[in-house]
Amino acid sequence: MAAKLKKGDKVVVLAGKDKGKRGEITRILTAEGRAIVSGVNLIKKHNRPSQVSAGGIETKEAAIQLSNLAYEDKDGNPTRVGFKTLEDGKKVRFAKKSGEVIDG
């Protein structure tokens, strides 16, 4: 099945502790059905000192389920994503609320 959300998309979190937060998808983990979104789902990772790094507590983004994300429309509201075929035969994604073509 084609991916409805892709790397670089601006998204809104629909559920969970970060509900309402907005960010950009930096990485998609297709096998797990998850994505890493900048500034969302932050966790603290305790790192042991090594020869390369001093160690300590690092804050980083954890993966979030794709079902908890929605594409951010041009007016800033969350919307669902659909597919349609243009006259020239090219398949594109579009925002269902506004009808705007996302990647054309």
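Which residues make up the largest nonpolar core?

**View 1. The largest nonpolar core has 12 residues in all.** Its members are Leu5, Val11, Val13, Ile25, Ala35, Val37, Val40, Ile64, Leu69, Tyr71, Val81 and Ile102. Strand S1 (10-13), strand S3 (34-37) and strand S7 (69-72) each give two or more residues to this core. A nonpolar core is a set of buried Ala, Val, Leu, Ile, Met, Phe, Trp, Tyr and Cys residues joined through side-chain atoms within 4.5 Å. Buried means under 20% relative accessible area, exposed means over 50%, and partly exposed lies in between (1.4 Å probe, protein chains only). This is a predicted model, in which local features need pLDDT of at least 70, side-chain atom pairs count only at pLDDT 80 or more, and totals for chains, interfaces and linings use all residues. Residues are numbered from 1 along each chain as its sequence is written, and side-chain values use heavy atoms, with hydrogens and water left out.

**View 2. The whole chain is built with 10 strands and 0 helices.** Along the sequence the pattern reads β-β-β-β-β-β-β-β-β-β. Helices (H or I, at least four residues) and strands (E, at least two) are DSSP runs, numbered from the N terminus. The C-alpha trace spans about 60 × 25 × 20 Å along its principal axes. The protein chain has a radius of gyration of 17 Å, but a compact globule of 104 residues would have one near 13 Å. That radius is taken over C-alpha atoms, and the globule rule is 2.2 Å times the number of residues to the power 0.38. Buried residues make up 30% of the 104 residues.

**View 3. Isoleucine 102 belongs to the core.** What does isoleucine 102 touch, not counting residues up to four places away in sequence? The list is Tyr71, Val81, Arg93, Phe94 and Ala95. Contact means heavy atoms within 4.5 Å. Two of these partners, Tyr71 and Val81, are core residues too.

**View 4. Asparagine 41 has a positive phi.** The angle is about 60°, although asparagine 41 is not a glycine. Most residues other than glycine have a negative phi. Asparagine 41 lies in the loop between S3 and strand S4 (42-47). Is asparagine 41 buried or exposed? Asparagine 41 counts as buried because its relative accessible area is 15%.

**View 5. Proline 78 sits in strand S8 (residues 78-79).** Its relative accessible area is 27%, so proline 78 is partly exposed. Leaving aside neighbours within four places in sequence, proline 78 is in contact with Val12, Leu14, Ala70, Tyr71 and Lys97. Alanine 15 is 63 residues apart from proline 78 along the chain. The C-alpha atoms of these two residues are separated by 12 Å.

**View 6. Glycine 76 is found in the loop between S7 and S8.** Why is glycine 76 called buried? The reason is its relative accessible area of 15%. Glycine 76 and isoleucine 36 are 40 residues apart along the chain, and their C-alpha atoms are separated by 20 Å.

**View 7. Serine 67 has its place in the loop between strand S6 (64-65) and S7.** Serine 67 is exposed because its relative accessible area is 56%. The C-alpha atoms of serine 67 and aspartate 18 are separated by 14 Å. Along the chain these two residues are 49 residues apart.
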